[in-house]
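Work through the exercises below with the model open. Try each task before reading its solution.

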Amino acid sequence: TIPDLGVRLVGPGGLPVVDAEGRREVRILQVGRARRAEPRDPLASIEGRFALLRAAEWAAGETLRLCVADLVEGAIATCDVDVDAVLEREVYPWLAERIAVIRERAADPVARPGLECAHCPFVAGCAAHG
């Protein structure tokens, strides 16, 4: 729950682990996605930011290793994150911006063509395609 933004995050947030030295790490495991987008910076992805948000309380005040690994392709990307600093400087502002966009779009519920249209069973009757 992020009271300042009035949201509760629900969804996969990676696999939190503590390594042999007692350091905290979140592992995001993917299957066959590396060919489409080679992971370079875990924080550049929505999954990485979401995982950091989900681990914020657990890893507060610490350095967290964020790891994205493709189990099929063998690609791996890691970064060490100062949790409190990155949340305040990058992730919370990004999340606030994304939530504002969602609220703006929800306030004006006009159907618009989008990426999801290709998989929607209601395209034929949709006002956006009329």
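**Exercise 1. What percentage of the 130 residues in the chain is buried?**

Solution. Start with the ground rules. This is a predicted model, where local features need pLDDT of at least 70, side-chain atom pairs count only at pLDDT 80 or more, and totals for chains, interfaces and linings use all residues. Residues are numbered from 1 along each chain as its sequence is written, and side-chain values use heavy atoms, with hydrogens and water left out.

Next, apply the cut-offs: buried is under 20% relative accessible area, exposed is over 50%, and partly exposed is in between (1.4 Å probe, protein chains only). Buried residues make up 29% of the 130.

**Exercise 2. Describe the fold order and the overall dimensions.**

Solution. Step one: count elements. There are 2 helices and 4 strands; these are DSSP runs, helices being H or I with at least four residues and strands E with at least two, numbered from the N terminus. Step two: read the order, β-β-α-β-β-α. Step four: box the C-alpha atoms along the principal axes, giving roughly 60 × 40 × 20 Å.

**Exercise 3. Which residues of H1 are buried, and what covers them?**

Solution. The list is Gly48, Arg49, Phe50, Ala51, Leu52, Leu53 and Ala55. That is 7 of the 10 residues, so H1 is mostly covered. The cover includes strands S2 (24-30), S3 (63-70) and S4 (76-82), plus helix H2 (83-107).

**Exercise 4. Examine the charge of Arg49.**

Solution. Locate Arg49 in helix H1, residues 46-55. Now test for a salt bridge (a side-chain nitrogen of Lys or Arg within 4 Å of a carboxyl oxygen of Asp or Glu). Arg49 is buried but has none; Glu90, the nearest side chain of opposite charge, is 4.5 Å away. Finally, list contacts (heavy atoms within 4.5 Å). Leaving out residues up to four places away in sequence, Arg49 touches Pro42, Leu43, Glu90, Val91 and Trp94.

Technical notes:
Lys and Arg count as positive and Asp and Glu as negative; His and the chain ends are not counted.
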